[in-house]
Structure formats: structure tokens, C-alpha cells
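Please look at the sequence and the structure below before reading on.

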Amino acid sequence: MTAWPGDAYPLGATYEGGGTNFAVYSEVADLVEICLFDDDGTETRHKLPEVTSFIHHGYLPGISPGQRYGFRVHGPWAPGDGLLCNPAKLLVDPYAKAVTGPMQWGREVYAHAGDDHDVRDVIDSAPFMPKCVVIDPSFDWGTDQPPSIPLHETVVYETHVRGMTMCHPDVPPELRGTYAGMTSPPILKHLTTLGITAVELMPVHHFVPEHSIVERGLTNYWGYNSLAYLAPHGPYSASGDTGGQVAEFKAMVKAFHAAGIEVILDVVYNHTAEGNQLGPLLSLKGFDNPAYYRLDPEDQRRYVDFTGTGNSLNMRHPQSLQLVMDSLRYWILEMHVDGFRFDLAAALARGLHEVDRLSSFFDLIHQDPVINQVKLIAEPWDVGEGGYQVGNFPPLWSEWNGKYRDEVRDYWRSSDQSLAEFASRLTGSSDLYAWSGRKPSASINFITAHDGFTLADLVSYDHKHNEANNEENRDGDSHNRSWNSGIEGPTDDPNILEVRSTRRRSLLATLFLSQGVPMLLGGDELGRSQGGNNNAYCQDNEVSWFDWDNVDTELLNFVRRLIRFRYEHPIFRRRRWFEGRPIHGEDVHDIYWYRPDGTPMLDEDWAVGYARSLAVFLNGNAITATGPRGEPIEDDSFLMMFNAHQEPIMFVIPEPMGGSSWTVEIDTATDSDRGANVSANDKWEIAPWAVVVLRRLDTGDQR
């Protein structure tokens with residue numbers, strides 16, 4: 001077979017009916033070989049015959065979907081200059097649409113010989129490397145349409161493809177841990193009855209486990225170690241990993257859309273699986289190391305690391321930017337996903353060292369007519385200097401609000417000086433987002449996420465218990481803002497269990513009644529515990545998997561009711577900020593704060609260090625935004641009373657704007673009071689660690 005010249009675009013392997021076009025970027029290569037593999041591992045090599053603008057390309061007739069392949073790059077070996085071309089090492093296509101087979105760790109996958117990093121290793125890595133797969137891109141999307149849920153109406157559910165489905169007794173065994181399992185009837189039923197509007201999937205770009213984790217007898221469970229940015233992770237496919245994972249992923253998205261659920265991907269464009277100068281040669285390093293990675297200008301053998309994982313993608317180089325942008329467009333246009341959560345997004349915004357809010361990456365995102373139409377969520381920090389950037393991302397972006405997590409946790413463990421911060425987070429964090437023209441939906445509110453304690457563990461442990469990670473409990477954050485409610489870990493003490501249950505419900509009520517976009521950690525609604533492990537990244541087992549046999553049904557029903565309550569009442573998902581002042585010049589407020597004695601909060605009340613209780617009135621007739629067709633939005637009015645003391649507090653029901661009659665909608669301490677009526681100036685006891693929400697029955701003088 002002789003390779004024809006082919007085309008320089010598109011990059012990657014493109015099946016065209018009678019054959020396949022291959023194209024890959026390398027400015028430093030002298031020549032690039034396309035390597036084809038038979039089922040028995042026999043390799044056939046072909047030189048890519050043409051180079052156009054540093055794109056090496058060629059067309060091979062007769063090559064069809066299912067064909068395994070990789071690349072070998074011939075060129076300079078000069079580690080001191082950052083050049084690592086080594087044709088003995090098989091490379092994964094940066095634009096691979098599917099990847100098959102595991103990676104076998106050993107000296108064979110390293111470019112250098114032993115401890116001498118200046119000597120090129122000549123052992124063939126192909127038998128130890130995963131292979132790329134030519135795919136058939138056709139798929140019957142039918143009438144698939146994105147749900148297009150407005151951001152302020154979104155409820156995000158962060159979950160893991162494998163962990164959510166591995167132990168569900170009603171998911172067929174062959175579908176557990178797979179994309180198909182995610183849309184099996186029992187999982188879809190759980191998600192739809194829960195009421196969430198978007199699943200945020202932890203990384204599904206094809207990834208490999210780190211050598212250090214494998215040596216400890218564990219694996220990379222979370223998936224933040226990407227190898228191929230356009231390929232769905234093969235082991236998550238029930239259809240096999242020789243191309244079936246692509247169609248299976250598309251079918252999952254189609255099924256979610258049919259159920260009214262959007263799909264958001266957690267993407268890791270800040271670093272790759274190749275690690276630092278001691279890491280393996282798997283893909284980008286071997287194609288064009290200086291183009292794809294941030295190299296240390298003082299020693300180009302080494303990598304600039306803003307991520308804590310060994311390397312940082314070089315977002316200052318146009319080819320790295322193109323790879324990321326092409327990947328994003330591919331997942332939107334070909335895979336129909338609805339948005340992205342960008343891991344360690346501050347690393348993508350760095351110029352030389354500092355975080356640049358107006359970096360090239362954000363310019364490209366804002367100008368791209370495909371990408372700027374989907375949901376864009378930043379994890380607004382990295383591990384470099386000045387990397388904590390909560391509130392500093394540009395318009396179009398929402399952010400994981402780390403300050404919301406921290407302040408709400410502090411309030412509900414009864415920390416001093418937490419009242420004012422708690423109120424700011426409850427009302428959407430205007431101090432962080434309003435200055436840049438963003439709305440409350442810029443704040444992705446969360447209390448727990450994959451990284452850290454689950455909700456059950458947040459109220460059950462003072463300290464991390466990560467011994468199972470085999471790192472002597474050194475890994476994971478030691479400052480969790482948690483409180484064990486009186487006893488560390490499991491207990492049968494009914495008083496401790498009651499405190500924990502109330503605190504969990506109060507934390508969840510705070511989350512779903514706050515302005516902004518709530519994100520629920522998958523499994524928290526079930527009462528899932530990780531036994532105090534706050535860094536279960538390497539636990540692909542019962543530590544991380546959902547325990548469907550021990551569901552806290554009372555908690556699950558409470559979460560369902562909270563989400564439905566939020567959906568039914570637009571006052572809790574406002575598009576615009578609260579004014580906090582009279583509306584239209586009349587003596588009416590959209591929000592009003594009260595002390596427990598029923599009198600309005602004064603400036604000095606916010607500074608009382610020991611104050612841990614307050615009430616807030618939300619006026620449903622003072623919503624300034626209108627509906628999609630300009631119709632006015634009106635709602636009931638509510639009084640929310642919060643008590644983070646360890647003792648009950650007697651609240652006096654205020655009489656805002658003339659209203660006098662109320663009914664109890666939510667009490668996180670007990671369900672027995674729901675539906676009870678109370679009048680203005682009555683006293684109502686709020687249990688320790690509890691939230692009570694009252695709905696006003698009479699309208700009063702509100703206009």
C-alpha cells in the first residue's frame with residue numbers, strides 16, 4: 001500500500017468511505033510514520049508523504065473503521081532544548097476519536113534510557129501502549145435537541161459514570177460502570193424523579209492511571225489524567241473500546257436529552273498524563289514538546305507546573321489552543337454535549353506567570369459561535385501563585401464558588417464572624433460577580449464535590465481518613481471546615497445522629513434556597529459516605545461507588561422535595577440581583593433581614609461575632625425580571641429563619657409590609673410542623689442547627 005498525499009485538514013484520522021486520511025501536527029519532526037496494527041499486534045508502517053504548515057498528512061486507501069493505529073516521529077533528540085523525538089516510541093494521536101487497550105507501565109514507555117535523561121531509549125513501546133482507532137462517525141440522532149435549560153433554572157448533579165452505576169441492583173451487570181448504564185431505566189428514573197436538569201460527568205476524555213498509583217496497587221478512578229481529548233474513555237463502554245464507545249456515548253446523550261437532562265463534561269485541558277521530565281512519552285511530548293507544554297525557560301528539560309501534576313499545557317501556543325478549541329467543538333457538534341466544567345481553569349489563563357483574565361484562551365472562547373453558546377463553568381483556581389481567581393472570570397462564564405462552599409460550611413459548624421458572609425453567599429455572591437456584569441447564575445453553589453468529604457462525612461468527621469490511599473494519610477486537604485457533630489466517625493448515639501441529620505438537611509436547604517445555580521454531589525441525596533476519605537481519587541471500589549442497598553430514603557425524599565420547591569418558586573432562582581432597598585420609590589423591599597427578636601438587622605448586628613441566627617424575608621411581588629415573553633414574574637413571599645446555634649432559638653415572626661399569616665413549608669429539624677400556621681408577632685422555636693421556611697398566606701400591602 002502506498003500512502004497518497006491526502007489533506008492537512010481535518011487533523012486526526014478521518015474515514016472517507018474508500019479509505020482514511022491521517023493528519024498530525026509537528027513543527028520539529030523530520031518525518032512522521034503512520035503505524036497500522038492487525039488484531040494480532042503486527043505493525044505496518046507508512047511514511048506520511050506530505051507536510052503543509054507543519055501538518056504531516058497522507059491518505060491510505062482501504063483503511064476502514066476499526067483499524068488500530070498510532071504514530072512514530074523521527075526528528076531531533078535534544079532534551080536540553082526540550083526536543084524529545086523518539087521513533088522507538090508509539091504515540092497516541094492527539095486527535096484520536098477512540099482509544100483501545102490498556103497501557104502497561106514499564107521502562108518501555110519512557111523516552112530516556114534509565115536514569116540518564118540525555119540518552120534516547122531505543123526499546124519499542126508499541127506492545128505496551130494503547131492504540132488509536134479509526135471510527136465510523138455516522139449516528140442516527142433522530143430528532144435530538146438540546147434541552148437548553150436557562151442557566152438560572154439549572155440544577156447540576158455531579159456524578160461519575162462508573163461509580164453511579166456499579167452497585168445498582170436493577171442495572172444489568174453488563175451495563176454497570178458504562179455510558180449505557182447511565183441511561184438505563186433505574187438510573188434515568190432516579191435522576192428524573194430527583195428533579196435535576198443537568199448531569200456533570202467527571203472526566204470522560206480517555207485517560208490512563210499514573211505509574212505511582214498503579215505501583216500502590218490502586219488506579220486513577222476520578223480520571224483527571226487525560227491522554228486523548230476527543231476520545232470517550234474506552235473502559236466506560238459496554239460496547240467495547242474499538243469504536244463502540246463513540247456510538248454508546250452519543251446514545252447516552254440522546255437519552256438524557258429525551259429525558260430533559262443536559263450533559264456537562266468535566267474537562268482537563270490544563271495538563272495531560274505525560275507528567276514532568278520523569279514522566280512517560282505517550283503523545284504530545286513526542287510530537288512537539290515545546291508547542292504543547294510550558295517548558296521552564298531556565299532549563300527546558302523541565303516543565304512549568306501550575307497544576308500539581310507535573311506539566312501545564314502551553315496555552316500561549318496556537319497549536320495547543322487549536323487542540324483545545326477543536327476538542328470543545330467536537331464534543332458540542334458531534335457528541336451533542338451541553339457544556340463544560342474546566343478543571344483548574346486558572347491555569348488556562350496564565351501568560352508568563354500571572355493569571356490573565358483576558359488571555360488568548362478566553363478571547364477565542366468568546367469569539368467562537370459554537371462554544372460561546374453552551375454552558376461554561378470554571379474551577380477558578382490552580383496551584384500556582386495567584387491562582388485563586390474566584391470572581392475574576394469574564395462574562396459568559398460561571399464559576400465553582402469556592403467561597404460559597406467555605407462560608408456555608410463555616411456557618412453550619414457555628415464559626416464566629418460568619419453571619420455577614422453567609423448572607424452574601426445566600427443571596428448569590430453579588431460581591432464576587434456583579435462588578436463584571438454577571439448575574440447570580442455566575443455562581444455555581446456547592447457544599448460538597450468529588451474532591452473532599454461527602455455530605456454525610458462533612459457532618460461526621462473532623463479529620464480526613466485517607467489511609468486506604470496508601471500515602472500514610474498525607475494526601476487530601478487537612479482543612480475541611482467540617483464538624484463531626486460530637487463523635488468522630490460512625491456512631492449509634494441517637495443524639496449525635498439527630499444532629500447530623502438536621503445539619504445535613506440544613507446544608508441542603510441552604511444550597512437549594514440560595515440564589516445562583518445549585519450543584520449537588522451525586523450520592524449525597526442517598527446518604528453516601530466514603531468513610532472519612534476526602535481524596536478518593538484512587539478508590540475504584542466500594543469506597544467511591546454508590547451504595548444503592550443502603551439508601552437514606554427520608555433524606556432522598558427531602559432532597560426531591562427541595563428541588564421541586566425551588567422549581568415551583570422563582571423567588572429562589574432570580575435572574576437578577578436583589579436590590580436590598582425600596583422598589584420603585586415605594587416603601588417596599590425585595591429582601592429584608594431580621595434578628596431573631598423580629599426587629600430589622602442593623603449594620604452593627606452583622607459584626608456581632610457570636611451571632612449565628614437570622615431571618616430573611618423574600619418578597620415574591622418584587623421580582624423585577626420578566627418572563628421569556630415579557631410577562632411579569634410573581635411568586636409567594638417567604639420568611640427563612642436560620643439557627644446555627646447548638647441551642648434552640650425563639651424567633652419572633654416579623655410583620656413585613658403588612659402580612660400577618662404564614663404556613664410552615666420546610667423545617668429541617670422535623671417534618672411534623674409542615675403545614676402548621678403561624679401569625680405575625682407569634683414566637684416560633686427553631687431547633688439547633690435548623691432552617692425553617694414560612695410561606696405567607698395573605699398578601700399584605702406589598703405594592
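This is a predicted model: local features need pLDDT of at least 70, side-chain atom pairs count only at pLDDT 80 or more; totals for chains, interfaces and linings use all residues.

Residues are numbered from 1 along each chain as its sequence is written, and side-chain values use heavy atoms, with hydrogens and water left out.

Rings of Phe, Tyr and Trp (its six-membered ring) pair if their centres lie within 6.5 Å, and planes under 30 degrees apart count as stacked, over 60 as edge-to-face and the rest as tilted. By this rule there are 42 aromatic pairs. One of them joins W222 and Y224, which are edge-to-face, with 6.3 Å from centre to centre and 85° between the planes. W222 counts as buried because its relative accessibility is 10%, where buried means under 20% relative accessible area, exposed over 50% and partly exposed in between (1.4 Å probe, protein chains only). Y224, at 11% relative accessibility, is buried as well.

The rings of W412 and F422 have their planes at 90° and their centres 6.4 Å apart, so this pair is edge-to-face. W412 counts as buried at 1% relative accessibility, and F422 is buried with a relative accessible area of 1%.

Y229, Y269, F340, F342, F361, F362, F393 and W397 form one aromatic cluster.

Charges also meet rings: a charge sits over a ring if NZ of Lys or CZ of Arg is within 6 Å of the ring centre and within 35 degrees of the ring normal. R341 lies over the face of W400, 4.0 Å from the ring centre, and the charged end of K131 sits over the ring of F37, at 5.1 Å from its centre.
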